[in-house]
Amino acid sequence: MNGANISWTRVGLPRRSFLRGASALGGLAAAGLLPARWAQAAGGTLRTRTYADIRSMDPAFSQGVVDEEIHAAIYNKLIQYKPGREWGWQLDAAAMIEQADDTHINFALRDDIGFTNGFGAMTAEDVKFSFERIIDDALESTNKPDWGPLSHVEVTGERTGTIVLKNAFQPLWSITLPYIAGNIVSKAAFDSVGGKIDTQPVATSGPYLHAGWEPKQKTTLRRNPDWKGEAAAFDEIQIYHIDDEKAAEIAFEAGEIDFTRVSLDSVERLKSNPIAGATLEEFPSLYYVWVGMNLDNPKLGNLKLRQAIQHAIDVPTIMAAAYFGAAEPSTGIIAPGLAGHRDAPLTGVAADLDKAQALMAESGEAGVSLAIDVLNKSANVTAAQIIQANLAAIGITLEIRLHEGATFWELGSNEDLELVLNRYSMTPDPYYATSWFITEQAGVWNWERFRSEEFDKLHLAAQSEGDPAARAAMYARAQDLMEESGAYKFLTHEATPVIYRNSVTPALRPDGLPLYRYFGTA
Amino acid sequence: MLSFIFKRIGLAAVITILAVSSLFLIVHMIPGDPVSTMLGPRATPEMRAALEARMGLDKPLIAQIGLFFANMLRGDLGMDVFSNRPVSEIVLGQVPYTLVLILVSITWSAVLGIALGSYSAIHRNSLGDRLTGILSVSVIAVPAFVVSLYSLLIFAVKLQWFPAIGAGDAGNWGDQLHHLVLPSLAIGLSWVGYIARLVRASMLEVMGEGHIRTARAFGLPERQIVFGYALRLAILPTVTVIGVGMGFLLSAAVFTEIVFSRPGLGKLVIDSITTRNYPVVMGSVLFSTLIFVASTTLADIVNAILDPRIRAGK
């Protein structure tokens, strides 16, 4: 798989490191030293696809990538994700940003960013408003955890300020400032509508304007004529809401969209029968899929039994049959390229039947009959059937229980849960992964009811750890603890195959998600 | 006639109340917590409680039904918890797409089906009749989603004559019509066969009746007998079937909207059920029921206009 070894390029910079790039970038563009798509707009329309309809144009209530794909194009942040195969960030609204110490981040805004609809220039007051409103309990923003220990933002000048944290928080650079919670909105615009918006932005500032939303059909972005930064490459971006990946593939083949994610089972077909004038690329995904075992269920109280299950599951077969060979086995909950990714799992990738049978014998269990709960997606069902066959080989009868989405996601509170095939989304910081498995989350999102004081301490300490190597070691140890409990068998991070027309130069995150503001023409 | 219409409208109101109440109970009986689905994993207990209160989920079920109908009578279907937009606005935004799709599908299929059925009846046992019979049964047997997929692959992907996704640009009638061709083909095709068979059978029955024989005995032109007298009666079962068939058309529209990524009521219902978005589910179901009930009532009224015996309750 391409790009398996992705890594942060600007996280963990030494303290007091300075980045003063925006003005230099602007200068290069002016001098014609940057590629054409940066220097001048190419025009035309980019037609692309999203798998769900938008929910909110208010960053405080954005529910994830679907909204953020649009927010990132119409709003600005101090920093944005850098397109490419390695995780990193680049300056956006900030002309300068520096980590002064563990808890203070100084920033200076560019002086050429304005809000639409007459809401004036972007100032440090807007930054303060945008960040502090998310941690305000009265607003009830579901994105509050992204701001971790934010205390407040100090405004030190019209365009300068300091982000003040209560304690060090490393994910700030990887999932706060360049993602949903980092979007800067206009204080005056939000005040004019009572402090909150829904699906219609009041004022934006990015290279594209929000030109229209046809519910269940499409969102249209249009070039912002007042944008002074790197010129937007397209006159218009039309983002079509197409739920089904197969329907999106047909739309691509029919020439109606220029970029889409494709399904894993289509990868082989698209490789052997390439679509003329199009390029297929595969990216590693950050999602993690695993088999969990409920430690509070007496049927799974025997550690040797759980270990036998861990060793009986054959991950390569699951990758071949359920993921069509388009995904790689995972070693834990942290994907390659992120701090804490382990090179290998403790329980191996391929099944070790001899060891599994020996562990079964040691466990003293016989005639074991268990159930696995599965979301009714074809990959999950196939994976569950393989696991069923794997466990049958060591004398365990496994019943597969299928659920539709809303029912499945309720299972966490079910104390009688036995095995579960689960899949969580992920952001590019290990803190986000471990946060669901702490003791406090037992029975909420920690469905295995895994409780470890050491794990909890590691989760807490690692979010503040400034030394990248030490931080990585902490997360690696945390995953060891999960696996040693016998409650987890890690399967895969899946993959994100995308297809695009050769007339388009896509700008994608290392996990294959689009950054439309940086899309260009070939 | 007026009292007939009032009776039918009264019956339609009762059916709507019963259908919506039943669906309300079903929706609330299925497992799955809408609050978790809507707020995602990071909501605090306080946020969950606040949303439950806002959705009225903290009240007993019977109180929730009562509140729904009371609000409905005031024209308030509640707010969508995701986007905070009025449900009536969301649903009314989608209804036209589905209505247009259904109406266009049934109109072209009815015109073609009636023509083919009449031709078959007039030319009974001819080669044309036999061919129409075979083709009719063939298209009846093909489900709408199969026609959707194959028409997409042939006319959108291979030939690129018609668009594959969406409903066309708002305000651009030509574009919207262009986007309607394949979905309405998918929904309407099986109805062509169904209506053709129905009209043929009905026509043959009517053509054997006494008043048609009398008309022939008087030497009236065959065209006048067929189109002026026979077809008028033969079409009655077709009108009833189309009215009752609105439920099937709505179901076919769900698949078609998904395959063609068209906005519409069907897609809205699926999305809102998946996310347990109760206010939108109820609003969508209410409008679907209203469409169904209105179409059957309209079919009854049209039948009564065409046939005085129905008006008289004979």
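Angles under 35 degrees count as roughly parallel, over 145 as roughly antiparallel, 65 to 115 as roughly perpendicular and the rest as oblique. The legends below apply this to a predicted model, in which local features need pLDDT of at least 70, side-chain atom pairs count only at pLDDT 80 or more, and totals for chains, interfaces and linings use all residues. Residues are numbered from 1 along each chain as its sequence is written, while chains are lettered from A and ligands numbered from 1 in the order in which they are written.

**View 1. Helices α9 and α10 of chain B pack at an angle of about 155°.**
Helix α9 spans residues 210–217 and helix α10 spans residues 222–234. Helices here are DSSP runs of H or I with at least four residues, strands are runs of E with at least two, and both are numbered from the N terminus. The two axes lie 11 Å apart. Axes are lines fitted to C-alpha atoms, for helices over the stretch in contact, and angles run from 0 to 180 degrees between N-to-C directions. α9(B) and α10(B) are therefore roughly antiparallel. On α9(B), the contact is made by His211(B), Ile212(B), Ala215(B) and Arg216(B). α10(B) contributes Ile225(B), Tyr229(B) and Ala230(B). Two residues are in contact if their C-beta atoms, placed from the backbone, lie within 7 Å. By class, the contact has 5 nonpolar, 1 polar and 1 charged residues. Ala, Val, Leu, Ile, Met, Phe, Trp, Tyr, Cys and Pro count as nonpolar, Asp, Glu, Lys and Arg as charged, and the others, Gly among them, as polar.

**View 2. Helices α8 and α11 of chain B cross at roughly 150°.**
α8(B) covers residues 173–207, and α11(B) covers residues 236–244. Their axes come within 9 Å. This pair is therefore roughly antiparallel. The crossing of α8(B) and α11(B) is right-handed. Ile195(B), Leu198(B), Val199(B) and Ser202(B) of α8(B) meet Pro237(B), Thr238(B) and Val241(B) of α11(B). The contact has 5 nonpolar, 2 polar and no charged residues.

The unreviewed UniProt entry places "domain: ABC transmembrane type-1" at residues 95–303 of chain B. UniProt positions are given in the numbering used here, feature names are shortened, and annotations may be inferred rather than shown by experiment. Residues 95–303 are 82% helix and 0% strand, with end C-alpha atoms 26 Å apart. UniProt also lists "transmembrane region" spans in chain B, including 134–157 and 233–260. Residues 134–157 are 88% helix and 0% strand, and their end C-alpha atoms lie 29 Å apart. For residues 233–260 the values are 89% helix, 0% strand and 38 Å.

**View 3. An open sheet of 5 strands in chain A.**
The strand order is β18-β17-β19-β16-β20, and the pairing is mixed. Two strands pair if DSSP finds at least two bridges between them. β18 (397–403) and β20 (488–492) stand at the edges with a single partner strand each, so one side of each is left without a neighbour in the sheet. The twist averages 25° from one strand to the next. β17(A), residues 369–375, runs parallel to β18(A), joined by 7 bridges. Ala371(A) stands opposite Glu399(A) in β18(A).

**View 4. The side of chain A that touches chain B.**
31 residues of chain A are in contact with 38 residues of chain B. β13 (236–241), α6 (245–253) and α12 (405–408) of chain A each supply at least two residues of this side. α6(A) gives the most, with 4 residues. The chain A side divides into 11 nonpolar, 9 polar and 11 charged residues.

Definitions and conventions: A crossing is left-handed if the near helix is turned anticlockwise from the far one by less than a right angle, and right-handed if clockwise.
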